[in-house]
Amino acid sequence: MRIELSVDLDATLGCGQAHRWLKKNGRWEGVLGDEIVTLSQREDGFECEGTSDKEAVLSYFRAEDDLDEIYADISETDGYMARLAEAVPGLRLLRQDPWECTATYLLAVNANVKRIGSMVEAVCEEFGKNLGRRFSFPEPEEIDEGCGDICRCRLGYREGRFMKLANSVRTGEHDPLSLTNLDYQSCRDKLMEVDGIGPKVADCISLFAYGHMESFPVDARISRLMRDIYGVTGSYSKVAEEGRRRFGKYPGYAQELLYHSTVISTSQAQAGGLHPV
DNA sequence: CATCAACCTGATCA
DNA sequence: ATGATCAGGTTGA
């Protein structure tokens with residue numbers, strides 16, 4: 001199935017916003033719902049194998065977002081952002097499943113991208129459905145009532161919180177779907193009622209699952225970058241607030257560009273690359 | 001409201 | 001090789 005969409009798969013799937021994508025000999029393999037999908041970059045979009053649900057794929061890639069408009073808007077912020085937008089014009093935000101996004105970002109607490117990936121895959125292999133080469137992300141019931149052994153997932157102190165979340169979603173105490181129609185602040189507040197979800201994780205979920213473009217998650221990398229490039233320091237709320245103030249209509253996209261720039265600069269020590277103004 | 005130790009694992013350093 | 005150090009958010013004091 002051919003998807004025509006302005007998107008850079010490497011930047012979009014490889015920078016840590018979603019945790020189930022693996023690049024295997026030039027193609028991106030991931031799991032959407034109960035299907036293993038494989039994506040191959042093309043000039044005008046990508047080739048998609050493993051699913052026929054075009055609507056779901058377009059929704060996942062937030063095809064309705066007008067990247068030209070968004071990046072034009074972001075570019076007006078300053079020269080640094082303008083260069084980032086120009087360098088990675090196909091970096092998109094994704095629209096992830098609320099339950100899966102909530103659960104994976106609960107695991108993401110105090111862990112680097114590589115470790116998050118290994119914890120998430122472990123949970124899928126332990127509790128999810130075997131789809132062949134990969135496993136589905138488990139439903140709350142599969143975790144809460146399943147016969148898998150959580151100890152094998154090596155979640156550390158996230159283990160108790162993870163099991164508690166699965167249980168509270170199964171019982172309806174926390175209902176990811178019910179947050180769909182809330183505004184950013186209410187959504188964030190609801191998420192932070194969950195044990196193990198603080199400001200940063202709540203901002204990530206608000207952005208990546210519920211599409212709140214004004215969310216500006218501040219992790220360790222963003223915190224250093226805001227300090228080094230913009231001279232912004234202080235508490236989480238101060239830095240996040242400054243991000244929302246500074247980056248106009250699309251702080252979430254700006255954050256993703258900034259985060260991606262830190263991935264690039266740490267993975268390739270190239271001369272003549274991007275550097276602060 | 002700000003500060004800070006404790007929490008767990010895997011990677012990297014000495 | 002083995003032990004020390006570090007990276008990474010949330011919680012509760």
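The domain assignment of chain A gives three parts: domain 1 (2-64), domain 2 (98-208) and domain 3 (220-271). These bounds come from an automatic or database domain assignment. Taken over C-alpha atoms, the centres of domain 1 and domain 3 are 25 Å apart.

A word on conventions before the details. This is a predicted model, in which local features need pLDDT of at least 70 and side-chain atom pairs count only at pLDDT 80 or more, while totals for chains, interfaces and linings use all residues. Residues are numbered from 1 along each chain as its sequence is written, chains are lettered from A and ligands numbered from 1 in the order in which they are written, and side-chain values use heavy atoms, with hydrogens and water left out.

**Strands**

Let us begin with strand E5 (residues 45-49). Helices (H or I, at least four residues) and strands (E, at least two) are DSSP runs, numbered from the N terminus. Four of the five residues of E5 are buried, so this strand is largely enclosed by the rest of the structure. Here buried means under 20% relative accessible area, exposed over 50%, and partly exposed in between (1.4 Å probe, protein chains only).

Strand E1 (residues 2-4) runs antiparallel to E5 and is joined to it by three bridges; two strands pair if DSSP finds at least two bridges between them. Arg-2 has Glu-47 in E5 as its bridge partner. Strand E4 (residues 35-42) is also antiparallel to E5, with five bridges between them, and Gln-41 is partnered by Phe-46 of E5. Two residues lie between E4 and E5, which form a hairpin.

**Nonpolar cores**

A nonpolar core is a set of buried Ala, Val, Leu, Ile, Met, Phe, Trp, Tyr and Cys residues joined through side-chain atoms within 4.5 Å. The largest one has 69 residues, and those touching the most other members are Ile-74, Met-81, Phe-162, Ile-205, Tyr-253, Leu-257 and Leu-258. Helix H6 (residues 113-127) supplies the largest share of this core, seven residues. Domain 2 (98-208) and domain 3 (220-271) each give the core at least three residues.

Apart from neighbours within four places in sequence, Ile-74 is in contact (heavy atoms within 4.5 Å) with Met-81, Tyr-250, Tyr-253, Ala-254 and Leu-257. A second, separate core has 16 residues, among them Leu-5, Val-37, Cys-48 and Phe-61.

**Charged side chains**

What is the nearest side chain of opposite charge to Asp-73? Asp-73 lies in helix H3 (residues 67-75). Asp-73 is buried yet has no salt bridge, and that nearest side chain is Lys-249, 4.1 Å away. A salt bridge is a side-chain nitrogen of Lys or Arg within 4 Å of a carboxyl oxygen of Asp or Glu. Leaving aside neighbours within four places in sequence, Asp-73 is in contact with Lys-249 and Tyr-250.

The structure holds 22 salt bridges. Here are some of them, with the N to O distance.

| Arg-170 | Asp-144 | 2.3 Å |

Asp-144 is in helix H7 (residues 140-144) and Arg-170 in helix H8 (residues 158-171), so their bridge ties together parts 26 residues apart in sequence. Asp-144 is partly exposed at 24% relative accessible area, and Arg-170 is partly exposed at 33%. Lys-164 lies in helix H8 and Asp-195 in the loop between helix H9 (184-192) and helix H10 (199-208), so this pair ties together parts 31 residues apart in sequence. Asp-195 is partly exposed, at 41%.

Arg-245 and Glu-242 are three residues apart in helix H12 (residues 236-246), so about one helical turn separates them. Arg-245 is exposed, with 58% relative accessibility, whereas Glu-242 is buried, with 16%. Elsewhere, salt bridges that share partners join Arg-20, Lys-24, Glu-29, Glu-121, Arg-133 and Arg-134 into one network.

**Backbone angles**

Most residues other than glycine have a negative phi. Arg-62, which is not a glycine, has a positive phi of about 50°. Arg-62 sits in the loop between helix H2 (54-60) and H3 and is buried, with a relative accessible area of 7%. Asn-110, also not a glycine, has a positive phi of about 55°. Asn-110 is found in the loop between helix H5 (98-107) and H6 and counts as exposed at 64% relative accessibility.

Notes
Lys, Arg positive; Asp, Glu negative; His and termini not counted.
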